[in-house]
Amino acid sequence: MWTVERALEAILARAGRLPEERVPLLESLGRVLAEEIAADIDVPPFDNSAVDGYAVRAEDTAGATPDAPALLRTLADVPAGALAAEAVTAGTAARVMTGAPLPPGADAMVMVEDTRPAEAGRVAILEAARPGDHIRRAGEDVPRGTVVLNAGTRLRAAEIAMLATMGRATVRTVRPAKVAVLSTGDEVVDIAEGVIPPPGKIRNSNRYALAALVREAGAIVHSLTHIPDEPAATEAALRAVSDPQTGADVIVTAGGVSVGDRDFVKPALERLGRLELWKVAMKPGKPLAFGGIGDALFFGLPGNPVSAMVTFELFVRPTLWKLAGRADLHRPQVQAVLTEAVPHTPGRREYVRAITTTQDGQFVTRPTGAQGSGILHSMTRANSLLIVPPESAGLEAGESAAVLLLE
Ligand code: AMP
Ligand code: MG
């Protein structure tokens, strides 16, 4: 049996970064940038006012106080987006809005709060200004030519803002993986609003759980297929999603990968492609299969809904991130103090669904309740996975354990 670490290492060694793709700016959110971005303009592009106020020559305001204001003749206003119609000359001031260009001749801004209207088209300046006051200089954020984003950067809202500032309506990114999701099982039926499955049947939750996990990982759902427990149907479905032209980059199946008589996924994989790894020493999720069909990577996850989700998180998610060009593939892992005992039978490493919070400056954690791999509730309540070492005979309350934070 494989350890989680060795299995992940072997899997990631198979995952190279996908080709680049140019996309509209907003589509690039969450993707990895595939080009270096240099500033094509100064930011800000021109000297402008950081306040609503009056553009002045600082020397004209020397010694000004509320009791002895400097009286300056006002010129035409400069609204945002406009250019000053005239220069500020000795004894004059122009009303300038935040972000509007500084008029020629002015070397300081006085905030409107430090002024008062005066008679005869003048303004009273109540405080002396120093040259440069409240002025944003051209290029002070980004001088033209500076590299603002490096290739390999993951694009969040802040990076989208920077790209927009650089006028990038489209950007080159690493293409995210297209993932085919295949559920299995004769007992499994698709959902329909208000429909209760007939006796002996259960609703298909893996189809939706895995599709949601694919999307959460920033990848694209290539297709959703359900396979009955039948060898020819299994093979046909895998063949369809691994077509070199129209197929997926990654194939994820759930169920049918154990050693039961009706587990047809592993044999089909062995016929169509290659099985590279089977069975990982973990709970939930032991019967994990990994391999490939053509150029597509193949993950055969266990059918139990919790096992499917946990193995997706541990193996498929990091693979999708790597394919998408991301550098750090790990979730944050912290040490947390157990507020309850966690039973465990020595053998496999266990990933216990847990609620982890902070208390008095440290992480504390507790299991979400029943941990059976069919207990979906254990997932909906969890925000983390508490790791119980394989040799442990159970953890006591007050002990500290490693926790993977999922959010
Ligand atoms: P299997 O690995 O196919 O033996 O499935 C293990 C368990 O997970 C069985 O109890 C199945 O009924 C259940 N299961 C398998 N596939 C799904 C699915 N798509 N949705 C919900 N439960 C499933
Ligand atoms: Mg099955």
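The paragraphs below treat the nonpolar cores and then the salt bridges.

This is a predicted model, in which local features need pLDDT of at least 70 and side-chain atom pairs count only at pLDDT 80 or more, while totals for chains, interfaces and linings use all residues. Residues are numbered from 1 along each chain as its sequence is written, and side-chain values use heavy atoms, with hydrogens and water left out.

A nonpolar core is a set of buried Ala, Val, Leu, Ile, Met, Phe, Trp, Tyr and Cys residues joined through side-chain atoms within 4.5 Å, where buried means under 20% relative accessible area, exposed over 50%, and partly exposed in between (1.4 Å probe, protein chains only). The largest such core has 47 residues, of which V250, F299, F315, L320 and Y351 touch the most other members. The biggest contribution to this core, 10 residues, comes from α6. Apart from it lies another core of 16 residues, including L238 and V265.

Salt bridges, defined by a side-chain nitrogen of Lys or Arg within 4 Å of a carboxyl oxygen of Asp or Glu, number 19. Three of them are tabulated here.

| Pair | N to O distance |
|---|---|
| E35 and R168 | 2.8 Å |
| E119 and R122 | 3.2 Å |
| R262 and D186 | 3.6 Å |

R262 is partly exposed at 45% relative accessibility, and D186 is partly exposed at 35%.

How values were computed:
Chains lettered and ligands numbered in written order. Helix = DSSP H or I, 4+ residues; strand = E, 2+ residues; numbered from the N terminus.
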